[in-house]
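This report describes the architecture of one protein chain, from its overall composition to individual residues. The sequence and the structure are shown first.

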Amino acid sequence: MAENSIQIPDFITVRDLAQTMEVSPINVIKQLMSNGIMANINQEIDYDTASIIAEEMGFIIESAVEVAKVEEAAAVVEKAGELAWRKVLSAEDDKDLVPRPPVVTMLGHVDHGKTSLLDVIRRTNVQEGEAGGITQHIGAYQAVQDGQLITFLDTPGHAAFTAMRARGAQATDIAILLVAADDGLMPQTKEAIDHAQAANVPLIVALNKIDLPNANPPMAMQQLSEYGLIPDEWDGDTMVIPVSAKEKIGIEDLLEGILLVSEDLNPRANPKASPTGTVLEAQLARGQGPMVTVLVQNGTLRQGDTMIIGQHHGRIKAMYDFKGKKVKGAAPSTPVSVSGLNGIPKAGDQFHTVKNPKIARKEIADIAYNARTQPAQTGSSASLEAFFANLQNSGSKTLNLIIKADVQGSVEPITQSLEGLSYDEITVEIIHASTGNITENDVMLAAASDAIIMGFNVGADAIARNAAASERVEIKEYSIIYKLIEDVDKALKGLLDPVFEEVVIGRAEVRAVFRIRGVGQIAGSYMRTGVAKRNSSARLIRDNKLLHTGKLSSLKHLQDNVREVKTGFEFGVNIVNWDDYKEGDILEFFVIKEVPVS
């Protein structure tokens with residue numbers, strides 16, 4: 001909230017309004033009089049009157065009631081694990097949620113036929129319709145199978161897929177992993193699997209090029225099973241569908257498989273909610289200015305809506321569907337290209353809408369103000385040094401790592417050694433392990449998974465380092481394997497839930513009992529051994545039986561409160577929630593100490 005921004009309830013007294021603005025009540029009364037309103041200092045005025053007066057005195061107004069609704073909704077959203085950027089004014093009712101088309105992204109090795117397969121689906125299953133006023137490709141389209149819509153995101157691959165997720169955009173419901181039946185699993189295929197699994201997105205394998213003479217589906221399925229993807233025809237839970245983009249074989253089966261998985265997922269959204277969604281791509285179009293392709297994920301986006309995307313905003317002047325046809329609105333899971341923004345956002349950024357450009361400008365001003373006044377975030381989203389603190393905040397028990405090494409002979413012993421370090425409470429999760437230098441793609445996967453990149457005898461190029469700085473990802477480089485393993489081992493020992501033990505520090509005998517007004521029963525005691533400390537706890541033992549354990553509520557020597565009492569001294573003590581002391585009771589004082597991890 002900007003420095004001169006204030007919140008006003010539905011009704012407020014003149015005195016309280018002056019205090020909120022930190023100005024003299026006399027000035028407020030004068031401003032009211034200039035508007036023809038006679039009011040004394042204790043008189044209540046309504047929100048509309050108060051907001052007019054405050055605006056005239058240079059303040060930006062927010063309704064306290066509306067802010068409370070937003071904060072309450074934000075708390076509900078955060079508790080449900082949804083994205084924090086959803087700006088709803090009230091919790092959505094289940095009755096408003098309706099089924100929406102599943103959103104599908106296709107991942108895989110660069111030359112395994114992704115573009116060809118997408119083209120076949122587009123040509124044979126896209127709804128018929130006239131092309132409209134724009135011709136540029138908008139990065140997404142919708143196909144129809146058995147009367148049901150399916151939305152495909154035509155991203156460049158898993159790098160863009162993960163870049164979106166790294167920025168908080170859970171834009172995909174299902175991932176199609178494309179595997180060529182002649183090549184099997186390639187390095188990029190394995191990387192795509194890691195990216196999809198890190199995103200916790202269901203995978204369907206499209207086994208392409210089955211028409212080729214050298215196609216070897218059993219070999220590809222064996223490789224998939226070795227990577228943890230057991231084909232369904234081998235009694236596994238991974239759907240593997242043979243297809244041929246060239247011969248148009250298995251396309252219907254693939255689309256049916258998508259609908260089958262979608263039926264289990266049951267994707268739903270509220271078309272009546274305030275529109276929110278994700279930027280798929282953005283570019284500067286000649287004669288039209290910034291053109292931004294978005295995926296509507298909740299609510300219904302309409303022409304004329306005012307959008308905010310990061311620090312960019314604007315009223316939607318025109319909206320086009322994936323065929324370039326002008327449309328007036330877009331429901332959940334619908335990709336559209338819009339014009340009217342004052343800048344070009346990044347893919348993966350989230351949008352929401354506000355009532356008008358004036359509100360948008362105020363919100364953007366608040367964002368800019370916070371960026372100027374709040375310290376810049378430094379460090380990484382996860383680091384070996386800071387992971388224990390992050391653990392206490394998030395409750396996560398997994399240390400996510402990405403391993404890059406110079407040769408495969410180094411990758412295997414490193415991953416095996418690290419996985420062997422897992423403790424009962426803590427696990428090491430190797431998100432991805434491969435050979436070669438650290439790339440921007442590795443950084444984006446780390447950002448999306450809260451992972452640390454561990455490099456052995458490899459470096460990171462300038463692009464990767466810039467991305468790491470931008471996404472706050474830690475890259476640690478090593479030339480000695482045991483040093484890499486040692487650092488992770490130390491981090492895990494810091495991650496373990498601390499072990500505590502009780503350490504007895506002293507014993508005393510109760511020799512008199514007396515009452516102090518306002519305090520209660522006091523045990524007049526003699527310190528036989530050790531020490532009693534103000535911050536310690538005590539056990540009360542009578543006839544060798546433990547009757548009570550609790551913290552000390554008071555510790556006195558003569559009339560003075562003291563921090564501790566040593567052997568041979570007399571003192572008065574009271575234990576929380578106990579008021580029944582008798583002469584001869586034994587008080588055993590103890591403290592709780594953390595046991596270092598060995």
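## Overall composition

Of the 598 residues in the protein, 48% are buried. The model is a predicted one. Its secondary structure comprises 15 helices and 33 strands. The protein exposes about 29,800 Å², and carbon and sulfur atoms supply 49% of that area.

## The six-stranded mixed sheet

Six strands make up an open sheet with mixed pairing, in the order β7-β8-β6-β9-β10-β11. Strands β7 (140-145) and β11 (239-242) are at the edges; each has a single partner strand, so one side of each is left without a neighbour in the sheet. From one strand to the next, the twist averages 30°.

## The largest nonpolar core

In soluble globular proteins, nonpolar side chains tend to be buried together. Here the largest nonpolar core has 26 residues, of which Leu-117, Ile-121, Phe-152, Ile-176, Ile-204, Leu-254 and Ile-258 touch the most other members. At least two residues of this core come from each of β6, α5 (114-125), β7, β8, β9, β10, β11 and α9 (251-265). Helix α9 gives the most, with 6 residues.

Which residues does Leu-117 touch, not counting those up to four places away in sequence? They are Met-106, Leu-178, Ala-206, Ala-245, Ile-251 and Leu-254.

## The four-stranded parallel sheet

A further open sheet consists of 4 strands in the order β23-β22-β24-β25, with parallel pairing. Its edges are β23 (427-435) and β25 (475-478), each with a single partner strand, so one side of each is left without a neighbour in the sheet. Neighbouring strands of this sheet are turned by 25° against each other on average, direction ignored.

Strand β24 (residues 452-456) and β25 run parallel and are joined by 4 bridges. In that pairing, Phe-456 stands opposite Tyr-478 in β25. Helix α12 (residues 408-419) packs on the sheet, where it touches β22 (398-405), β23 and β24. Between the directions of α12 and β23 the angle is about 175°.

## Strand β14 and its partners

Strand β14 (residues 289-298) is mostly covered, 9 of its 10 residues being buried. With strand β13 (residues 276-285) it runs antiparallel, and 9 bridges join the two. Val-279 is set opposite Val-294 in β14. The two strands form a hairpin with 3 residues between them, and Gly-287 in the turn has a positive phi of about 80°.

Strand β14 also pairs with strand β20 (residues 334-339), in the antiparallel sense and over 6 bridges. In this second pairing, Met-291 stands opposite Ser-339 in β20.

## Local features of the N-terminal region

Thr-13 belongs to strand β2 (residues 11-13). With a relative accessible area of 16%, Thr-13 is buried, because the cut-off for burial is under 20%. Its side chain reaches the backbone nitrogen of Asp-16 at 3.0 Å. Not counting residues up to four places away in sequence, Thr-13 touches Ile-41, Asn-42, Gln-43 and Glu-44.

At the start of helix α2 (residues 25-34), a side-chain oxygen of Ser-24 comes to within 3.2 Å of the backbone nitrogen of Ile-26. Gly-36, which follows α2, has a positive phi near 80°.

## Val-510 in strand β26

Val-510 lies in strand β26 (residues 499-516). Is Val-510 buried or exposed? Val-510 is buried, with a relative accessible area of 0%.

Leaving aside neighbours within four places in sequence, Val-510 is in contact with Ala-523, Gly-524, Ser-525, Lys-582, Glu-583, Gly-584, Asp-585 and Leu-587. The C-alpha atoms of Val-510 and Gly-572 are separated by 9.1 Å, and these two residues are 62 residues apart along the chain.

Note on methods: Residues numbered from 1 in each chain as written. Predicted model: local features only at pLDDT ≥ 70, side-chain atom pairs only at ≥ 80, totals over all residues. Heavy atoms only, no water. Buried < 20%, exposed > 50% of the residue type's maximum accessible area, 1.4 Å probe, protein only. Contact = heavy atoms within 4.5 Å. Pairing = 2+ DSSP bridges. Axes fitted to C-alpha atoms, helices over the stretch in contact; angles between N-to-C directions. Polar contact = N/O pair within 3.5 Å; in protein donor to acceptor, adjacent residues only side chain to side chain. Areas by Shrake-Rupley, 256 points an atom, 1.4 Å probe, with all protein chains shown as cover. Core = buried A, V, L, I, M, F, W, Y, C linked by side-chain atoms within 4.5 Å.
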